[in-house]
Amino acid sequence: MAGDSLSSLPLSRLKGVGPAAAEKLAKLGLHNLEDLLFHLPFRYEDRTRISPIGSLRPETGVVIEGQVMAADVIFGRRRSLLCKVADGTGMVTLRFYHFSAAQKNTLERGRTIRVYGEPRPGSAGLEFYHPEYQLDYADSGLPPLEKALTPVYPTTDGVSQKTLRNLTGQALKYLQAHPPQELIPAQLLDQSGLPSLADALSKLHNPRPDDPVNLLLEGKHPAVKRLVMEEMVAHQLGMLQKRAGQKAFHAPRLGGQTLFEKLQDSLPFNLTGAQKRVIGELMGDMKQAHPMLRLVQGDVGSGKTLVAAAAALAAIESGYQVALMAPTELLAEQHRENFHHWLAPLGIKVHWLAGSLGVKARRETNAALADGSAHIVVGTHALFQEAVQFHRLGLTIIDEQHRFGVQQRLALREKGREDNAHGIQVPHQLVLTATPIPRTLAMSVYGDLDTSVIDEMPPGRKPIDTLVLPESRRPQVIERINDACRPSAKKKNTQAYWVCTLIEESEELQAQAAEATFAELQIALPELKVELVHGRMKAKEKAERMARFSRGEAQLLIATTVIEVGVDVPNATLMVMENAERLGLAQLHQLRGRVGRGAEQSYCLLLYKNPLSHTGKRRLAVMRDTTDGFVIAEEDLKLRGPGEWLGTRQTGDLAFRIADLVRDEALMEPAKEIANKLMQDYPQWIDPLLRRWLKGGQNFADI
Ligand code: ADP
Ligand code: MG
């Protein structure tokens, strides 16, 4: 197999791999030598020296060697085979629950035995449970001790550590005889001082006893960094390529500021500096003949809607249509109202498309979109149904993009696709998100998107005051709501949210919990008008109830997490969240953002149930200590890892095999530089790198 590339050599070429073994290895994702070599140990055992039994400490992996003193089957609560081993410094017990008579017979008194494992305290003092062991043979004795540390690999049923070690050993021999092609040229790695790929792999699979194992396991060793760097470079390349593909499309040039200036004149406030800057960035993009692909991040309440309106008006002024899509009907409804409020005075009708819309109204909207008389439509998923056709769709705006799948975003874009003589034309795309994306993640997941950040709040907002309280304080919390929200002649009353959370995904259970709280609080707060919204209600009913709360006709709104995004009632200044310990930071932050939208001081009361887990405690402390969405997002990333942070759907998008975005943040920038240089000077290595790390897959959020 001389000279072949590692990935072209199937594992069946190794000694001891027949069809059955190959199938089991495939289950671990191991198909060829390259896969095997990149399947790294998750810990190491030191089998290079023997520890005296007298000095054993619990839960530390060791090798001991001694004489079998006895081997007896004990009929206790569970039948077990106990074998006593002594070496002159002490005695220790091996315990087996699964054993055969033949096995017992080999454990003859006086025979020398070598045992590998981690002793734990048991009923007979320190015990090894089901340890690996070797017995001596009269002719050969015990084999020599290992010279390198012994790797322990992630594995599944049917593939033993011994098999993996043996196969990896063969692959490493091949590697040494045929050093692989370096896909990152040495010149580019020189500055980083990282080892070659072959050296890095050998070190990781077979470190010497004096190597700093902790550094290897913590990812701080140059051998790990070498692989991380290459993986990050591959991800960057994937994104650069994708971006180049996007830019190959055409888009209509959109511009014109007159309408937006008129809107600005009618507003009771001035734009913040950040809003102005971001609008400038959007205008710059939309003027181009290539599609804009821009993500606008702005904390809850930073005023993203107005920024979206600026882009929409520029498109409309250029004679193109705009579609604004939101993930829930509640949120879409709020956008419709905002846009209607702003655009009606300019003579622009805001059209509406959502699941709850009647057949007749839907047909009218569809007709207006198709003949071009409708300039802007706001709606939900209903927007990309087949019946919906646009006359000249020039801009799509998607709010809260985390909740949409890739396919849905693309489906909306396709509505504006036109194949003409010049090539393919698609609309500009604007994506809004209130979930701040930590810098590390933004670079790796959304590297193919331009991003703008609205990093300034409208003036006069007071930071929300957050209190963390045990469930036992519920009566006082209810009393506080009563004081603040009771309509009285003496002072203006405020409004409050009471959010019922449940960890269960089931909307049914959430709804039940909210119904129960609704019943309870109506009785406890007879002077207040209480409303209830939850996911099991019809959209229309939800909207009506929300509207009543919004108009101040109710003082307390009991809700499930359906109110998480978009709801805007500036007079509401008090929020209570039950079982706050069950929610993730991103969600807590989103929910809390429903208050603090007016000039009054707002409060958020987080009620928790004991016992509180360590992370639960940390999360609540973060919420109490900061209202800065970016700080919260960074903390969340540390606590949960990137996959969970983006929600399970996108976990796959971040399928790094070795890199860890939090741990390896510092390598991101250099990886980006190397990727750019590769694009320029070494294009021949791009495809092999993508194949090695991304398996040719599309691993990115696709916008
Ligand atoms: P989000 O970024 O969470 O979507 P919104 O666009 O809903 O925020 O804006 C929140 C509130 O702030 C709205 O009532 C909006 O009218 C108001 N607002 C937006 N921009 C400004 C500004 N520059 N000054 C004052 N209030 C503003
Ligand atoms: Mg919003």
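Strand 6 and strand 7 (residues 125-129) run antiparallel and are joined by three bridges. Strands (E, at least two residues) and helices (H or I, at least four) are DSSP runs numbered from the N terminus, and two strands pair if DSSP finds at least two bridges between them. This is a predicted model, in which local features need pLDDT of at least 70, side-chain atom pairs count only at pLDDT 80 or more, and totals for chains, interfaces and linings use all residues. Residues are numbered from 1 along each chain as its sequence is written, and side-chain values use heavy atoms, with hydrogens and water left out.

**The sheet**
- Gly125 in strand 7 is the bridge partner of Gly122.
- Seven strands form an open sheet in the order 6-7-4-3-2-5-8, with mixed pairing.
- At the edges are strand 6 (120-122) and strand 8 (132-135), each pairing on one side only.

- Helix 8 (residues 222-247) and helix 24 (residues 686-694) have axes that come within 9 Å and cross at roughly 115°; axes are lines fitted to C-alpha atoms over the stretch in contact, with angles from 0 to 180 degrees between N-to-C directions.
- Helix 8 and helix 24 are therefore roughly perpendicular (65 to 115 degrees) to each other.
- Among the residues of helix 8 that meet helix 24 (contact: heavy atoms within 4.5 Å) are Leu227 and Gln241.

**A glycine in a helix**
- Gly280 lies in helix 10 (residues 273-286).
- Gly280 counts as partly exposed because its relative accessibility is 40%, between the limits for buried (under 20%) and exposed (over 50%), with a 1.4 Å probe and protein chains only.

Methods: Chains lettered and ligands numbered in written order. Parallel < 35°, antiparallel > 145°, perpendicular 65-115°, else oblique.
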